[in-house]
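Here are some notes to read alongside the model, written for someone opening it for the first time. Keep the 3D view open and follow the points in order.

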Amino acid sequence: MIFKIEDVTVYFPYDNIYPEQYEYMVELKRALDAKGHCLLEMPTGTGKTIALLSLITSYRLSRPDSPIKLVYCTRTVHEMEKTLGELKILHDYQVSHLGAQAKILALGLSSRKNLCVNPKVLAAENRDSVDAACRKRTASWVRALAAENPNVELCDYFENHEKAAENALLPPGVYTLEDLRAFGKNRGWCPYFLARHMVQFANVIVYSYQYLLDPKVAGIISKELQKETVVVFDEAHNIDNVCIEALSVSVRRVTLEGANRNLNKIRQEIDRFKASDAGRLRAEYNRLVEGLALRGDLSGTDQWLANPALPNDILKEAVPGNIRRAEHFVHVLRRLLQYLEGRLDTENVEKESPVSFVSSLNSQAGIEQKTLKFCYDRLHSLMMTLEITDTDEFLPIQTVCDFATLVGTYARGFSIIIEPYDERMPHIPDPILQLSCHDASLAIKPVFDRFQSVVITSGTLSPIDLYPRLLSFNPVVSRSFKMSMTRDCICPMVLTRGSDQLPVSTKFDMRSDPGVVRNYGKLLVEMVSVVPDGVVCFFVSYSYMDGIIATWNETGILKEITQQKLVFFETQDVVETTLALDNYRRACDCGRGAVFFSVARGKVAEGIDFDRHYGRLVVMFGVPFQYTLSKILLARLEYLRDTFQIKEGDFLTFDALRQAAQCVGRVIRSKADYGMMIFADKRYSRHDKRSKLPGWILSHLRDAHLNLSTDMAIHIAREFLRKMAQPYDKTGTMGRKTLLTQEDLEKMAETGVQDMVY
């Protein structure tokens with residue numbers, strides 16, 4: 001359908017549109033017109049992705065003189081493929097109406113591991129090894145060597161891509177990762193370097209959060225993007241954690257041992273070069289005297305990860321004199337490693353700020369802050385000069401230099417925490433030194449500053465006013481949408497006690513109480529006998545899940561469950577979990593029904609949808625708080641309290657409930673779907689906890705369902721399933737339209753939105 005929102009003609013590839021999609025587009029357009037940032041919470045399963053894509057591409061078509069670029073960030077490759085699939089449908093629709101002028105170039109960009117087509121490189125087992133195997137065949141010095149010695153192995157795909165030079169271009173269209181690989185194979189060009197090259201010409205780019213938020217990667221991939229770019233972070237409820245991880249580094253004994261081996265190897269290489277080609281080391285020294293900004297002439301394959309700290313003024317300074325010479329720099333790193341080894345030999349937990357850490361490093365090892373700041377770039381420059389290709393071997397020393405650069409650059413927003421052992425296993429010595437970032441705004445600030453509009457959107461952004469404080473920005477639009485329903489197809493319930501009236505909770509002092517474990521088990525036994533097809537259960541942690549299932553097994557509860565449905569588990573092994581999920585789906589498909597046990601904050605809670613008969617009921621056992629004794633979490637809470645005046649309890653509750661909402665939101669993936677959500681913990685009945693759930697869940701949570709026992713919950717479930725089995729009108733009745741046609745939209749434009757929708 002084609003309709004107008006003010007001065008923009010929107011091309012929407014379906015015959016009907018949900019009212020909330022229309023409202024979402026109106027708000028999004030307001031943000032684009034104001035050239036500002038926005039926060040939009042939209043219920044899951046209401047077509048958020050297609051609404052975003054249609055409005056932004058249509059907005060681009062309506063402003064041909066100032067073309068905007070769209071960068072769409074997803075969390076997983078699966079989501080990336082889904083987004084590109086939707087964009088394909090939209091693109092075909094726009095081209096069928098507008099012809100050639102609607103053609104765009106859209107592509108997904110991922111790591112070499114997902115895009116490489118050279119079987120020898122792909123044989124490496126993990127991502128770092130694939131990167132290194134690629135560099136061994138594509139680095140400029142390897143290719144120079146191959147020109148003299150035909151036995152040196154190169155990559156044919158890369159060579160063909162280089163030969164095509166300016167002609168290595170993608171024709172307009174939408175390319176998923178699979179399409180890029182097929183196109184590359186067909187032409188004999190390398191899909192990874194082709195995609196990297198085409199990023200600057202593409203109208204829409206879909207890639208992972210890291211490519212914008214992790215400064216080491218963003219410095220290479222995203223530095224060419226212009227200011228007139230709209231950046232969308234989809235499923236962004238955890239965006240503050242992603243920002244913090246991007247700037248945190250941890251160093252263990254193994255890291256330091258590896259780094260020492262790396263330095264020995266670098267030392268040998270320096271001696272070899274001194275003997276054979278001293279000119280190269282001298283040229284590097286001269287370049288460093290003039291500053292690091294002259295790195296721009298590196299060829300694309302030689303580019304390494306950029307500096308993890310962002311200030312651009314660093315690159316214009318000259319490198320400090322004491323690390324310009326290669327052997328002096330190696331000596332400084334040796335002293336740094338010795339100092340870190342000494343710090344790891346501790347029996348108590350230590351916590352200090354970067355400033356005091358740097359001053360003690362200076363007094364004990366004689367390394368200044370300015371020297372630390374340049375470690376990462378200096379190592380990079382040295383590895384280029386020494387022509388080192390197997391970068392995966394050199395990860396430990398890169399980690400140490402990454403740590404040094406961050407410590408030397410940021411004075412606030414970080415803590416250094418040294419723990420002699422993991423608190424959960426105090427008898428095993430495993431010292432770890434962590435530089436942990438507490439301020440999520442440090443990583444995302446450059447994104448807000450650089451691009452004209454940043455859209456943060458997800459199904460769970462409640463309470464929505466906390467995000468601008470955590471990420472320190474001012475959104476021009478901040479809005480949470482409700483779900484328009486023809487029938488009440490969500491049934492949330494809060495279960496506070498078992499059928500024996502004993503309260504249930506995963507509070508630390510209650511969680512191992514046999515009464516609680518028994519009541520949780522009985523709830524599940526009763527539910528699997530009533531609910532058809534798939535049931536998904538989320539626990540607060542792996543250890544709690546293991547413990548409770550072991551108890552259920554001993555008391556025969558698990559046996560009762562398996563008589564009704566098959567049982568599958570999520571484990572920490574990705575392959576096992578994927579297998580379990582496949583078999584869970586097969587059990588639901590063939591009518592046997594199944595139960596899937598999973599963990600909040602795990603892989604399944606974040607990215608797997610249990611739509612239709614794969615999830616008719618989801619049970620959240622307990623409130624998924626973080627491990628509150630974690631030193632890193634305590635340091636972050638202290639920082640949030642002092643800097644943003646966010647109370648510890650508020651932040652912990654907010655964090656636990658966004659995880660809970662994320663878990664239960666897995667069951668509803670479209671409006672034709674239906675499902676029940678049980679929050680099994682007495683704490684959910686408290687208003688301060690419950691109110692932090694998203695509005696679209698709260699609007700279905702009736703007062704009568706706030707304090708249930710197991711037998712009442714069973715009764716409600718039976719009633720709900722009976723009601724859902726009745727036929728219903730999908731377009732909506734009684735003045736509540738939930739599917740709008742083109743005529744409806746035209747009427748709405750005349751009479752105003754609200755009359756039609758509610």
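1. First, a word on what you are looking at: this is a predicted model. An unreviewed UniProt entry annotates residues 7–285 as "domain: Helicase ATP-binding".

2. Who are the neighbours of strand 18? Strand 16 (residues 534–539) runs parallel to strand 18 and is joined to it by six bridges; there, Val 536 stands opposite Phe 596. Strand 17 (residues 566–569) is also parallel to strand 18, with four bridges between them. Val 567 stands opposite Val 595, and Phe 568 has Phe 596 as its bridge partner. To get from strand 17 to strand 18, the chain passes through helix 27 (residues 574–589), making a right-handed β-α-β crossover.

3. Next, have a look at helix 18, residues 354–365. The buried residues in helix 18 are Pro 354, Phe 357, Val 358, Ser 360, Leu 361 and Ala 365. Looking down the axis, you'll see these buried residues fall within an arc of 165°, so they line one face of helix 18.

4. What covers the buried residues of helix 18? The cover includes helix 17 (326–344), strand 10 (350–352), helix 19 (369–373), helix 21 and strand 11 (414–421). Just after helix 18 comes Gly 366, with a positive phi of about 70°.

5. A few backbone spots deserve a second look. Most residues other than glycine have a negative phi, and most peptide bonds are trans. Glu 235 has a positive phi, near 50°, though it is not a glycine. You'll find Glu 235 in the loop between strand 8 (229–233) and helix 13 (239–246). Is Glu 235 buried or exposed? Its relative accessible area is 10%, under the 20% cut-off, so Glu 235 counts as buried.

6. Glu 387 is another residue other than glycine with a positive phi, this one near 55°. Glu 387 belongs to the loop between helix 20 (375–385) and helix 21 (395–409). With 28% relative accessibility, Glu 387 counts as partly exposed, because that class lies between the 20% and 50% cut-offs.

7. Finally, check the peptide bond between Ser 462 and Pro 463: it is cis, with omega about -10°. Pro 463 is placed in the loop between strand 13 (453–458) and helix 23 (466–470).

Definitions and conventions
Residues are numbered from 1 along each chain as its sequence is written. This is a predicted model: local features need pLDDT of at least 70, side-chain atom pairs count only at pLDDT 80 or more; totals for chains, interfaces and linings use all residues. Side-chain values use heavy atoms; hydrogens and water are left out. UniProt positions are given in the numbering used here, feature names are shortened, and annotations may be inferred rather than shown by experiment. Helices (H or I, at least four residues) and strands (E, at least two) are DSSP runs, numbered from the N terminus. Buried means under 20% relative accessible area, exposed over 50%, partly exposed in between (1.4 Å probe, protein chains only). Two strands pair if DSSP finds at least two bridges between them. A crossover is right-handed if, with the strands pointing away from the viewer, the path from the first strand over the helix to the second runs clockwise. The arc is that of the directions from the helix axis to the C-beta atoms. Contact means heavy atoms within 4.5 Å.
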